Amino acid sequence: MEWCVPMPKIELHAHLNGSIRDSTLLELARELGEKGAIVFSDVEHVILKSDRALNEVFKLFDLIHIITTDHKTVARITKEVIEDFAADNVVYLELRTTPKRNDSKAMSKRSYLEAVLEGIRSVNSVEVDLSGELKTDAFAHSHSADGLCNGIGSKIYVRLLLSIDRRETAEAAMETVELAVELQDFGVVGIDLCGNPNVGQWLTFLPALEYAKKQGIPITLHCGEVPNPVEIYAMLDFLPKRIGHACCLEDEDWKLLKRLEIPVEICLTSNIKTETIASTDVHHFADLYKSNHPLILCTDDCGVFSTSLSAEYALASSAFGLGKREMFHLAQKAIDFIFASGRVKKDLKAIFASAHTKLN
Ligand code: 6MZ
C-alpha cells in the first residue's frame, strides 16, 4: 500500500493535542520532570501506550494538556503537526483545537490561538497557505505549468476549526464562537464540538452553536461516539455541516443521516482502539460507502493512536477491499466537504486532477 503515501490527501478531523509526536511529548515531559512538576517515570509508559478505551483517552488528554499548555509549546506542536501532515502528502488540513484559558500561564483563549497562528507561520519545511485568498494565483501557477502535481508535499493549505470541549460552560463556548467569528481572516473556518461524550449536555452548547450558525460559521459535531439517542437525534436535527464518528447510531438515526446527507468524518483506528467499534468487519464505513453516503477518512489523533492519514487509507483499502483508484476518488471527494472557500476547492480540484494524470 505504498501508494497511499504519495497520493494527495485531505484531513478534516485532526485534533492538535492528539496529533503530537511521541518524541516531542516525551521530551517535554522529561523537562517538566526535571523541574519537579511531574514524575517522568509515571507518565512515560502512559504516553507510549497506544491502545486505550475511550475514557482512558480523555485522561491522557488531561496529561497532554499539562505537558503542552504554554504559548511556546503550543506554537511548537502546531508547527510540528503541520510538518508531519505535509510530509504525509496531506494537501489540505483542517486542524482543530480547543482555545484554552490558563491563568497560571497568563494564557487566554485568544493568546492560545495567537500561539497556534505563530506556530503555523513558523513552518519552514513546506509552504503554508493560511488565509487562502492571497496566494492562490501563485499556487495555481506552480501547479499548472506541466500538468504534474509538483506541489504535493511542498505546499499545504491549513485551516483551523475551533473546538468547544464538552466540559466547558455555555459562556466559554460562546467566547470560542466569538473568536471564530473574529478570526475568519486568519484561517479559522469552523467550529467543532468535542470532548468526552459522557460529559456535558447538548443544551449547554446549543446557544453558542446557534450563534455560530447565524454568523455563517460551518459546524461539525462529534456525534454518537457513545449511545445517546436523544442527543444524537438533536444533533442531526441541528443540521451540522459534518459530523465526526457516528459509531452508535440506531436504525432511525441512520435513515435520518442519509436523508439529510450529512457527511461523516470516519476515524477507523481511533474507533477500534477506543473500542467504540469492535472491528473493521462491523464498521459503518462499509455501509456508508456502499450507499454512496458522503464520508471522509480522517486520523482523529495520530499521536495518541499512532497512525497517519496514509495508514488510515491503507487500512480502509485492505479492510474493505478497495483499490488504488477507489481510494484516490475517496480522497478527491473530500474536497466537496471542506469548510474553506470555493477558491480553495478549485485549487484542490486542480491538484487532484494533475495527480490523477500522474497516477495513470
Ligand atoms: C472526542 C476528542 C477525541 O483541542 O486540546 N478529542 N473528543 N472524541 C475523541 N475521540 C477519541 N479526540 C480528541 O485536542 C485534544 C482535545 O480534542 C478532543 C478532546 O476534547 C481533547 O481534549 P486540543 O488541541
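A crossing of two helices is right-handed if the near helix is turned clockwise from the far one by less than a right angle. In this predicted model, the crossing of α7 and α8 is right-handed. Helix α7 spans residues 170–182 and helix α8 spans residues 202–214. Their axes lie 8 Å apart, at an angle of about 15°. Angles under 35 degrees count as roughly parallel. The two helices, α7 and α8, are therefore roughly parallel to each other.

On the α7 side, the contact is made by Ala 170, Ala 173, Met 174, Val 177 and Ala 180. Helix α8 contributes Thr 204, Phe 205, Pro 207, Ala 208, Tyr 211 and Ala 212. By class, this contact of α7 with α8 has 10 nonpolar residues and 1 polar residue. It has no charged residues.

The ligand is surrounded by 18 residues. The closest are His 15, Leu 16, Asn 17, Thr 97 and Thr 98. Helix α3 (54–68) and strand β4 (155–165) each supply at least two residues of this shell. By class, the shell has 10 polar, 4 nonpolar and 4 charged residues.

Ile 120 sits in helix α5 (residues 109–121). A residue is buried if 20 or more other C-beta atoms lie within 10 Å of its own. Ile 120 has 23 C-beta neighbours inside 10 Å, so Ile 120 counts as buried. Beyond its neighbours within four places in sequence, Ile 120 is in contact with Thr 78, Ile 82, Val 128, Leu 130 and Val 158. Glu 34 lies 86 residues from Ile 120 in sequence. In space, Glu 34 and Ile 120 are 29 Å apart, C-alpha to C-alpha.

Note on methods: Residues numbered from 1 in each chain as written. Predicted model: local features only at pLDDT ≥ 70, side-chain atom pairs only at ≥ 80, totals over all residues. Axes fitted to C-alpha atoms, helices over the stretch in contact; angles between N-to-C directions. Helix = DSSP H or I, 4+ residues; strand = E, 2+ residues; numbered from the N terminus. Parallel < 35°, antiparallel > 145°, perpendicular 65-115°, else oblique. Contact = placed C-beta atoms within 7 Å. Nonpolar A, V, L, I, M, F, W, Y, C, P; charged D, E, K, R; others polar. Near = placed C-beta within 6 Å. Buried ≥ 20, exposed ≤ 12 C-beta atoms within 10 Å, placed from the backbone.
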